[in-house]
Amino acid sequence: MMKVCSILVVVVLHITVLPISAEGDWSGNCYFSGSLCNPDTGCSYGCWKNLCWSQCNGVCTIADIIEEMKKKDEIHDGHDIIDKLTPDPSTCARCGEWCYLDDGEHNFTPCQTNADCEAYKLNQCQSHCAVI
C-alpha cells in the first residue's frame with residue numbers, strides 16, 4: 001500500500017508542477033534564429049551593427065490577430081476586430097518585426113556582442129518597429 005501511495009504522490013506532483021513551469025515560457029515566439037531569446041516575453045534580441053535590437057509587435061501582429069480570429073470564427077462585425085487590435089505589450093507575437101532599443105535615456109544602445117544587450121532587452125524601442 002505504501003508503494004502505491006508514493007507513486008500516486010509523485011504522479012500528482014508531476015502533473016501539477018509541469019504545466020506551471022511551461023505556462024510562462026514564450027520562447028516559441030522568438031522569431032530570429034542566431035539571436036538571444038527571452039523566454040519570459042517570446043522576444044528575440046541581440047546586437048546588430050553595434051546597436052541593441054529586439055523583436056517587437058507592429059503591423060504583422062495585427063494581421064496575426066485578425067487571422068486567428070478568422071480561424072476561431074470570432075469576427076461578427078468591425079467591433080470584434082477593433083477590440084482585439086491592441087497586442088499584449090508584455091509578449092512578442094511570432095512575427096519578424098524588430099526595432100533598435102532605447103538605452104533608458106532616449107538614445108540607441110551600443111553593443112559589441114549579443115550578450116551586451118541582456119540588460120536592455122526589456123527597454124522600449126528607440127526606432128520604429130518594422131520588418132526591415
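Author: A polar contact is a pair of N or O atoms within 3.5 Å; within protein, one must be able to donate a hydrogen and the other to accept it, and residues adjacent in sequence count only if both atoms are side-chain atoms. This is a predicted model, in which local features need pLDDT of at least 70, side-chain atom pairs count only at pLDDT 80 or more, and totals for chains, interfaces and linings use all residues. Residues are numbered from 1 along each chain as its sequence is written, and side-chain values use heavy atoms, with hydrogens and water left out.

Reader: Which backbone oxygen does the side chain of T109 reach?

Author: T109 lies in the segment after β4 (98-100), strands being DSSP runs of E with at least two residues, numbered from the N terminus. Its side chain reaches the backbone nitrogen of D103 at 3.1 Å, and the backbone oxygen, at 3.0 Å, is that of L101.

Reader: Is T109 buried or exposed?

Author: Buried means under 20% relative accessible area, exposed over 50%, and partly exposed in between, with a 1.4 Å probe and protein chains only. The relative accessible area of T109 is 1%, so T109 is buried.

Reader: Which residue in β3 stands opposite W48?

Author: Two strands pair if DSSP finds at least two bridges between them. Strand β2 and strand β3 (residues 51-55) pair in the antiparallel sense over four bridges. In the hairpin of these strands, which has two residues between them, K49 takes a positive phi near 55°. The residue opposite W48 is L51.
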